Amino acid sequence: MDILENYKIEVEISKDEMSAFVKIIPIREGEELKADDILKALKNSGVVYGVDIDAVERIVREKKYNTNFLVAKGKEPVAGRDGEIRFYFELKKELKPKITEDGRVDFRELGYITNVLKGQLIAEKIMPTKGIPGYTVKGKLLPAKDGKEPKLIVGKNVVCSEDKTKFYSLIDGSPSFQDHKISVYPVMEIRDDIGPKTGNVEFIGSIKIYGNVVGGYRVKAQGDIEIEGYVESAEVISEGKVLIRGGVKGGNKGVVKAKSDVSVKFVENGFIEAGGNIYINEYAMHSVLIAGEKIKFSGKKGLLVGGRASAHREIFANTIGSHMATPTELEVGVNPFLNIKLQEIVTSIKNAEFELAKVERAILLFEAMKKANKLSQENYITLEKLYNTRASLKENLNELYKEKEKLEEELKNITEARITAKGVVYPGVAVKIGNAVYRVRDTIERAIFLNREGSIVVERII
């Protein structure tokens with residue numbers, strides 16, 4: 001507060017120091033107040049940034065007394081924009097086949113495997129921007145966060161520009177983006193069945209098979225897999241996407257796994273696991289379906305009956321279960337792969353704790369020998385190694401405990417997940433969303449199952 005001969009100038013600064021106010025209190029008549037008097041009072045109070053000269057002059061000119069007036073404002077920091085990756089090919093191609101007006105399925109026009117040419121620009125890294133710092137009215141610097149640089153790793157058959165912002169294909173092939181790595185793989189075409197003639201097939205790129213995959217054989221690819229025929233009691237494993245035009249006749253031994261999406265005409269007694277979505281055109285019977293995102297049925301049948309289906313966000317079908325009350329288990333709301341990962345971590349923790357207990361017992365034995373002056377030079381070296389091993393095991397265990405806690409928290413969080421049946425849901429169907437379970441005892445038509453505050457509710461499709 002500054003007191004002049006005829007005026008008292010009060011300066012008030014907000015707690016966050018982002019605003020400063022002035023109140024002029026007249027004491028007696030005399031020499032007029034000047035703008036410089038107010039500016040001096042602000043400076044004496046430490047206000048050095050964001051002073052509004054026009055506001056100060058207005059107070060003097062219009063004699064704005066006995067009221068707080070905003071005369072200075074700080075500047076908020078502005079965070080930088082995160083960088084991004086711009087792809088020049090179709091990154092997320094939905095494997096849902098086209099349905100004609102009369103309900104027939106047109107697989108032929110799917111254009112499943114994406115191709116790029118040698119020398120083609122396939123991706124570009126858009127760099128982040130720097131943050132713009134802010135200041136309080138007292139001139140204190142407020143740091144700003146810079147934008148994050150996107151992660152993009154050069155994989156196989158890809159080269160980047162000198163400034164590491166543009167990425168080009170070195171071959172004609174099929175592009176892939178997994179785990180922040182961009183690669184281009186060659187495409188292998190097999191115009192026969194995978195069976196006794198070919199043996200098991202494993203390829204670093206994408207595979208197109210014009211025949212079937214016979215029971216007992218395996219197909220594995222780092223790229224996508226496209227199969228014109230059927231998959232029997234065989235293994236099909238892809239680091240990308242899988243399309244099976246003919247369907248899966250699993251015989252309880254057929255396994256299809258993909259890190260991305262799986263699209264299939266039908267599934268009988270099979271196992272399908274997709275890190276992304278599972279698209280089924282006709283039906284799935286007595287099978288296990290696990291999807292990191294959605295399971296969607298299309299076509300006239302769109303039937304899911306028997307077995308178990310688990311997806312993170314949604315299961316969508318026409319008909320679920322059968323009039324014979326076939327046991328059918330459905331689960332949404334939690335990423336099913338988190339449960340698998342949690343079990344792996346629990347096992348790792350048990351193993352690490354067992355190893356740590358062994359090391360602790362050994363250390364106690366050597367320390368007792370040391371206390372009794374019975375420790376040889378070789379034993380001293382062993383004891384030192386045991387100390388290092390114990391420290392390493394403890395560090396590893398702490399990381400595992402943290403990861404376990406994180407996963408358990410994630411498993412508690414239920415997304416806005418749902419199960420939708422456009423047609424009928426029959427008795428015998430068990431629905432689980434999060435920790436809530438609902439058993440269908442009477443036929444329900446056109447239903448949507450949702451979790452509301454820990455209980456499953458059924459809404460009708462209008």
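Buried residues are those under 20% relative accessible area, exposed ones are over 50%, and partly exposed ones lie in between (1.4 Å probe, protein chains only). Helices (H or I, at least four residues) and strands (E, at least two) are DSSP runs, numbered from the N terminus. The structure is a predicted model, in which local features need pLDDT of at least 70, side-chain atom pairs count only at pLDDT 80 or more, and totals for chains, interfaces and linings use all residues. Residues are numbered from 1 along each chain as its sequence is written, and side-chain values use heavy atoms, with hydrogens and water left out.

The chain contains four helices and 36 strands. Its radius of gyration, taken over C-alpha atoms, is 34 Å. A compact globule of 462 residues would have a value near 23 Å, by the rule of 2.2 Å times the number of residues to the power 0.38. The C-alpha atoms fill a box of roughly 110 × 85 × 60 Å along the principal axes. Of the 462 residues, 41% are buried.

In helix α1 (residues 35–44), the buried residues are Ile 38, Ala 41 and Leu 42. These residues lie on the same side of α1, because they cover an arc of only 100° around the axis (directions from the helix axis to the C-beta atoms). Asp 36, Lys 40, Lys 43 and Asn 44 are exposed on the other side of α1.

A nonpolar core is a set of buried Ala, Val, Leu, Ile, Met, Phe, Trp, Tyr and Cys residues joined through side-chain atoms within 4.5 Å. The largest has 52 residues. Those with the most contacts inside this core are Val 213, Leu 289, Ile 295, Leu 304, Ile 315 and Phe 449. Apart from it lies another core of 19 residues, including Ala 41, Ala 55, Ile 59 and Val 71.

Tyr 438 is found in strand β34 (residues 436–439). This tyrosine counts as partly exposed, at 27% relative accessibility. Beyond its neighbours within four places in sequence, Tyr 438 is in contact (heavy atoms within 4.5 Å) with residues including Val 429, Val 431, Phe 449 and Val 458.

Strands β11, β15 and β14 form, in that order, an open sheet with mixed pairing; pairing requires at least two DSSP bridges between two strands. β11 (153–154) and β14 (174–178) stand at the edges with a single partner strand each, so one side of each is left without a neighbour in the sheet. β14 and β15 (residues 181–185) run antiparallel and are joined by five bridges. Pro 175 stands opposite Val 184 in β15.
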